[in-house]
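Reader: I'd like a close look at the helices here, please. Could you walk me through one that sits inside, and then how a pair of them packs?

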Amino acid sequence: DREGEAISWHLLAALKDQGAINGVDVKRVVFHEITKRAVLEAMQHPRDLDVGLIDAYQARRALDYLVGFTLSPVLWRKLQGSRSAGRVQSVALRLICERESEIEVFEPREYWSLETRFTTPRDATFTARLTRLGDKKLDKFDLANEADARRAVAELEARAFAVESLEKRQVQRHPAPPFATSTLQQEAARKLGFGADRTMRTAQRLFEGATLDGETVGLITYMRTDSVQMSGEALAACRQRIGSLYGNRYLPEKPRAYRTRTKNAQEAHEAIRPTDFSRTPDAVGRWLDDDQRRLYELIWKRAVASQMASALLDRVVADLASADGAVGFRATGQTVAFDGFLKLYQEGRDDPASDEEEGGLLPPMAPGDPLERGEIMPKQHFTEPPPRFTEASLVRKLEELGIGRPSTYASIISVLQDRNYVRLDNKRFVPEDRGRLVTAFLVAFFDRYVQPEFTAALEGRLDDIAAGSLHWKQVLREFWNPFNGTIDEVKERRVADVLEALNDLLGPQLFPPREDGGDPRACPLCGDGRLSLKFGRYGAFVGCSNYPE
């Protein structure tokens, strides 16, 4: 990828400077998997350095320097106590702050649901939910309050119910691909509670190797990759291991092929997998510390499961109706007919509570069977605000938007915490006051440059440079001229102008509406002063315009 090509370029330049390769024809050899076959094949096809990749590397590095080194000093001068801004870090901070603002203005909406237990003619019970009332399919908010729910209960009380229809179908569930850098960070956060930085440090140690029976061996392939593909040799070894451990039922007819969905993917390396599938977590666990053992087990299971047979699930949907057809309930059930890859591994979820619940086994019943209804249970619910980002969901969001590189996500998250822009509370990101001020400042004066779409579009232009369809200096010029003009314009602004812009942007948080309907920015102590943001040696605070009188 770009980084690999740049290392070659730097190395060649250094060797030439030393006079170490005078008169020697030097070529670059590229392989995407560290296997004997791949290395020998690559040696047969050496090539010259790829100028497009080198230029794309230079453009990325220059863009990061131009943003960081010119924007950060403006922040220091205009916003006391701020530490830094960056091309990708500031977009990540904006996502966290905007999510917090959504949560603050969110107004919960009430709704109700009705459930009851039914008994079949064979005395088996199950739970069903009201889905139809008065020939109308119920939407989420149709029972908006307790009175609506009580009226619905009254409609149901006198009615007898029977099974209207049964739908049975078998569905397949396929395994997730082996890990790339970002998915490893997400899953380690969900399942092991590891931050992105801890995941990458632990993976680095597994890659560098552990001493097993006196021999030092690398346990996993390189951990900075966008690829979800494994080498042919690894696939064969993985399939052999599945057959020996679980039998041929768990082996698909042919190896599974995966394609990366990451925007701007760079696939210089294989997916993250064990270097030797015969080294099971149990076999090597005693040589590793706790973090290494847990992460290796996650990587081994995910890679093996990715080549296992699909799981088969039996899904049953039972629709129940009153005799006049005016009221309907629905019950759903799901059972595992064949566990397949689920025998070994199941992918985690960021917000399991938000997923639709899938019931267990429904009892045997047939259309027309009369049902005995139990007590109707009205349940009150409220809509929930969008959840704060976890490390896993923030990485996934950045990846979806095509911002940054998976190898940089850990350092971006660390910088935001080190600068005291955000903190982790119950494994979710909460912006600190300083972080919200920085974001408000950047949105007020540099909005274009901290928009996710703009940053993602720049990543796309880097790909065009790598492909040779754009010149890297042209991209820098197009970025630098308007950006530098904005920098010069903001430098000239008075701190009072900056504060007023922040007052406007942060008004809903700083100056909430007053119960008496008065001006939210009127000073509650003197009455005729105006409240405003101010800066002091300990950071920002809200003060009165009549200070110190």
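**A helix on the inside, and a packed pair**

Author: Of the 14 residues in α13, 10 are buried, so the rest of the structure largely encloses this helix. Buried means under 20% relative accessible area, with over 50% being exposed and anything in between partly exposed (1.4 Å probe, protein chains only). Bear in mind that this is a predicted model: local features need pLDDT of at least 70, side-chain atom pairs count only at pLDDT 80 or more, and totals for chains, interfaces and linings use all residues. Numbering starts from 1 along each chain as its sequence is written, and side-chain values use heavy atoms, leaving out hydrogens and water.

Back to α13, which covers residues 433–446; helices are DSSP runs (H or I, at least four residues) numbered from the N terminus. Its buried set is G435, R436, L437, V438, T439, A440, F441, L442, F445 and F446. From first C-alpha to last, α13 reaches 19 Å, close to the expected 20 Å (1.5 Å times one less than the number of residues).

Now the pair. The axes of α6 (residues 181–192) and α11 (residues 391–401) come within 8 Å and cross at roughly 160°. That makes α6 roughly antiparallel to α11 (the cut-off is over 145 degrees; under 35 is roughly parallel, 65 to 115 roughly perpendicular, the rest oblique). Those axes are lines fitted to C-alpha atoms over the stretch in contact, with angles from 0 to 180 degrees between N-to-C directions. Contact (heavy atoms within 4.5 Å) is made by S182, Q185, Q186, A189 and R190 of α6 with E391, A392, V395, R396 and E399 of α11.

Note on methods
Helix = DSSP H or I, 4+ residues; strand = E, 2+ residues; numbered from the N terminus.
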